[in-house]
Amino acid sequence: VSRLVLLGGLVYALFLLGLGFRDGRLLALALPLVAYMAAAAFYAPGEAKLSARRSFGSDRVPAGAVVQVDVEVMNEGAALQEVLIRDRLPSGAELAGGQAMAIISLEPGEVFHLRYSVRVQRGSPSFREIEVESGSLFGLTRWRTLVPAAGRILVLPRADRLRRVPIRPLRTRGYAGPVPARQGGSGVDFFGVREYQTGDPRHWINWRASARHPRSLFTNEYEQERLADVGLILDARQRSDVRLGDAWLFEHAVRAAASLATAFLDDGNRVGLLVYGRSLDWTFPGYGKVQRERILRVLAGAQTGDSQVFDRLDYLPTRFFPTGSQIVLVSPLHGDDLPALVRLRARGYQLLVLRPDPVGMEVEVLRGRPGVELAARVLEVERALLRRRLLQAGIAVVDWHVTEPLDQALRTSLGRVPPWHRHVPLAGRA
Amino acid sequence: MIRRASHVTRGLAAASAIAGSLLAGPPLPVVAAMVAVSLLLAALPPLLAGQRQRGWPAPLTLAGFAGLSALGVRSGLGPGWMLVSVIAALVAWDLEHLEERLSHPAYAGTQTGRRALERAHLRRLVAVAAVGLLLGSGGLIAQARVTFVLALLLSLLALLGLSWILAFFRASGE
């Protein structure tokens, strides 16, 4: 029951009883209650005139970071007693320290700072307004207003530090870089032997080959290393995503895409990004830190979605990527995606598929439930079969269990096996 | 502190109603009923609050004592005691609401603000209770003979004023 209704009802009842019985003493009993209400009405604060301004410790942070929020509230009207100021946290932000509300008294012109910290998830959580609740004397009634205090934080996905990712596209760009160019010239790795030409350094001469041909000299050639075009494709189809409680496969895929983009750009390559899901979100290829920022911003807003058109990979817009360039697809993949990838390969693209493992993630969460292990084994067999078909089509595959470091998964699948590890005798086989 | 003050004022309301009943000495059933209901009103709300049935014990205190006082006045008990009982119940009701407000999480860790609010509130409440006591006492003491038409007009005026206060709160409140 509202306090005001109760008090008003009692006063009315005593008045009516007093009038009905023509008894002034009953009216006298109502007078303290009337005085109480009159005092509350007389000292009721006017309309709360507040302005608010919001600032953040940093408005561009990595996912999971803690951000300090400072809301400056200024009283532009009359004095206010016992004002409740409460900030509304947007989705994707959770309180990490302090309190997002306070009860204060504000003199005219006085400024109050509401300070707290939030932990933010990937995206761009948008803070809108603060809620202000002020009460009349004795709290008989409450006034509630919303004061605009807009602010937005850009929460970029975390990018793991990766060592150089070994890629071998069919075509490279004209500038020196880290990617083997399949062309002889100056480099590090041995490429071939050719006849000596004027100007070749003397230490390149292959004396062993030259000794077999007394009238000619031969020099070693090394594989040129150049920059490459890399097209990153992030699979954002709803059916490729798995979400079980806090475990979310797409978040891992986004993190992997951010890490790969950072690694390729740090090596000097030209990198573009395509988010393939509800629609096509395309970031034109570019170089350097600016491009990194562009890609991370797109990844910050990437969400999974459904689309009948993009339900399968058949509509991958290959014209976005130069022929012969390296395409890196981050996707758990489905069986029906294989033909589209084989077609890409046939068109001359070098493909690398990074597959975040949904089965392992689900098993971690559902461990102990009946039938989970058997189902996981069946799915693992399917994945292994798909992997074999991809490898047969000349597509490099990296299977990534999301709990292990991405760098380790890339090393294991793509790294060269050192000579001293190539012929390790199996245990027990003496 | 507030909780203790609230219990004390509720006890005062009950004591005042019981004292008025005993001192007046009307028929025994009325006295017995007044004493029983007063004790019940004083003791029941804290017990119910302890059972976590918050929300209605405080309104029960005020409505109960107001009704009891009206009944006592009509039964010929001392109206002064009944007036004190109503004022004490009003103060208890207010303090219980204050305590509820102060338990808001926004007050956590701000002991200074909490104490300041408590002091300011108690000052105002005491002033209003004193004014209420003065007005009520004046109303009980002052004898005036008015014609029926004048009484009707005054009553209408009072009801209009009261309606205006309620409408004011309703319009400006949430």
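**A charged pair and its surroundings**

Author: Asp23(A) is buried, with a relative accessible area of 7%. Buried means under 20% relative accessible area, exposed means over 50%, and partly exposed lies in between, with a 1.4 Å probe and protein chains only. This is a predicted model, in which local features need pLDDT of at least 70, side-chain atom pairs count only at pLDDT 80 or more, and totals for chains, interfaces and linings use all residues; side-chain values use heavy atoms, without hydrogens and water. Residues are numbered from 1 along each chain as its sequence is written, while chains are lettered from A and ligands numbered from 1 in the order in which they are written.

The partner of Asp23(A) is Arg74(B): the two form a salt bridge, and their closest N and O atoms are 3.0 Å apart. The pair crosses between chains, with Asp23(A) in the loop between helix 1 (3-21) and helix 2 (24-42) of chain A and Arg74(B) in helix 3 (residues 57-74) of chain B. A salt bridge is a side-chain nitrogen of Lys or Arg within 4 Å of a carboxyl oxygen of Asp or Glu. Helices (H or I, at least four residues) and strands (E, at least two) are DSSP runs, numbered from the N terminus. Arg74(B) counts as partly exposed, at 39% relative accessibility.

Now the boundary that this pair crosses. The size of an interface is often given as the accessible area lost when the parts come together. Here the buried area is about 4400 Å², and carbon and sulfur atoms give 75% of that; the value is the accessible area (1.4 Å probe) that two parts lose on being put together, summed over both. The rule finds two salt bridges across this interface. It also finds four residue pairs in polar contact, both residues being at pLDDT 80 or more. A polar contact is a pair of N or O atoms within 3.5 Å; within protein, one must be able to donate a hydrogen and the other to accept it, and residues adjacent in sequence count only if both atoms are side-chain atoms.

For comparison, here is a salt bridge within chain A. Glu131(A) pairs with Arg88(A), the closest N and O atoms being 3.2 Å apart. Glu131(A) lies in strand 8 (residues 126-135) of chain A and Arg88(A) in the loop between strand 4 (80-87) and strand 5 (93-98) of chain A, so the pair ties together parts that are 43 residues apart in sequence. Glu131(A) is buried at 9% relative accessible area, whereas Arg88(A) is partly exposed at 38%. Salt bridges that share partners join Arg86(A), Arg88(A), Glu129(A), Glu131(A), Glu133(A) and Arg144(A) into one network. Over all chains, the structure holds 33 salt bridges.
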